[in-house]
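Please look over the sequence and the structure shown here, and then read the briefing that follows them.

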Amino acid sequence: MQGLPKTPGFYRFMAGDIEVICINDGILSGDINAVRGVSIEQVRALFDESFFPSEVRCTTNNYIIRSQGHTALVDTGGGSFIIDTAGKMLENAAAAGISPSDIDTILFTHIHPDHISGLMDANWKKIFPQAVLKMHAAEFEFWLSEDPPSRKIAHVKHEADHVIRFMTPYFDQIERFERGEVFPGVNAVALPGHTPGHTGYLISSQGEEILIWGDIIHWPVVQFALPDAAMSYDVDPVKATATRWDILNKVASSGLLVAGMHLYFPGFTRVRREGNAFAMAPVPWGHATYAERGTSS
Ligand SMILES: [Zn+2]
């Protein structure tokens, strides 16, 4: 296949006047033993039904939002530091015509390693020296405060050093929020559990909306059908599961378009009810944000 042009990993869509571009960061590998709250056999059956190979993998996406002359990047991907098959965000953003200096704001859904390691290049130089980095105050408190709680939780502390190492060069650029509008046309939606400050971003313009919901779902073929399936890397798996049920119920009722960091590229879907659980509802090509929802008049 050498010589064939590489397919760029970006996908552009609109919510009213706001442009949203899904930027693929690549593929992460997982471990089925990371599942919590349900049996591994149930999870394996769902992967098998969908003809998945035995190795668990998931997509990883970031999003660029352009609104009122400003450009935000939602999460930075894994950079050169997580796995060879990820860290493609910058090259895919370049294919979409966007360079790091275009980005004035970085909105974090949360600050796990696969979402922040793209802040630094392989030579340990800052990629976004001018950007303002925004995160929920609870996220800052958990990972970055003096004597952070993340260091005291057995199943979390192995990530705590990585988070501090990558965020320290940016410390002066961090702004914390609790709620409200965090970027023009973008409101923070608290979705705690996966991490204490895990946050969704609701993009609204001219009656059209998209919710970037971060890591509500890691394995789409499993967690829509089995929302009780939590992950070992959920800081609080019980709360993460309650939040997943709540937001799945809401978006299945409203028809709200959602975009996710670990939904299959290009990372957006609607959600429908299926029995006592949910399923992805395909979005027709060219109809990403059309305002046909039952609730709108
Ligand atoms: Zn993630």
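A residue is called buried when its relative accessible area is under 20%, exposed when it is over 50%, and partly exposed in between, using a 1.4 Å probe and protein chains only. This is a predicted model, in which local features need pLDDT of at least 70 and side-chain atom pairs count only at pLDDT 80 or more, whereas totals for chains, interfaces and linings use all residues. Residues are numbered from 1 along each chain as its sequence is written, and side-chain values use heavy atoms, with hydrogens and water left out.

- Asp215 sits in the loop that runs between strand S12 (208–212) and helix H6 (220–223), where helices (H or I, at least four residues) and strands (E, at least two) are DSSP runs numbered from the N terminus.
- A salt bridge is a side-chain nitrogen of Lys or Arg within 4 Å of a carboxyl oxygen of Asp or Glu, and for charge Lys and Arg count as positive and Asp and Glu as negative, while His and the chain ends are not counted.
- Asp215 is buried but has no salt bridge, and the nearest side chain of opposite charge, that of Arg244, is 9.4 Å away.
- The side chain of Asp215 does make polar contacts, one with the side chain of His110 at 3.2 Å and one with the side chain of His194 at 3.3 Å; a polar contact is a pair of N or O atoms within 3.5 Å, where within protein one must be able to donate a hydrogen and the other to accept it, and residues adjacent in sequence count only if both atoms are side-chain atoms.
- Apart from neighbours within four places in sequence, the residues in contact with Asp215 are His110, His115, His194, His198, Met261 and His262, contact meaning heavy atoms within 4.5 Å.

**Salt bridges**

- The structure holds eight salt bridges, and one of them joins the side chains of Lys152 and Asp147 at 3.1 Å, N to O.
- Lys152 counts as exposed because its relative accessibility is 56%, and Asp147 is exposed as well, with a relative accessible area of 58%.
- Another salt bridge links the side chains of Asp246 and Lys250 at 3.1 Å, N to O; since these residues are four apart in helix H7 (residues 237–254), about one helical turn separates Asp246 and Lys250.

**Helix H4**

- Helix H4 (residues 137–144) is mostly covered, with six of its eight residues buried, namely Ala137, Glu139, Phe140, Phe142, Trp143 and Leu144.
- The cover over the buried residues of H4 includes strand S7 (132–136), helix H5 (157–167) and strand S8 (174–177).
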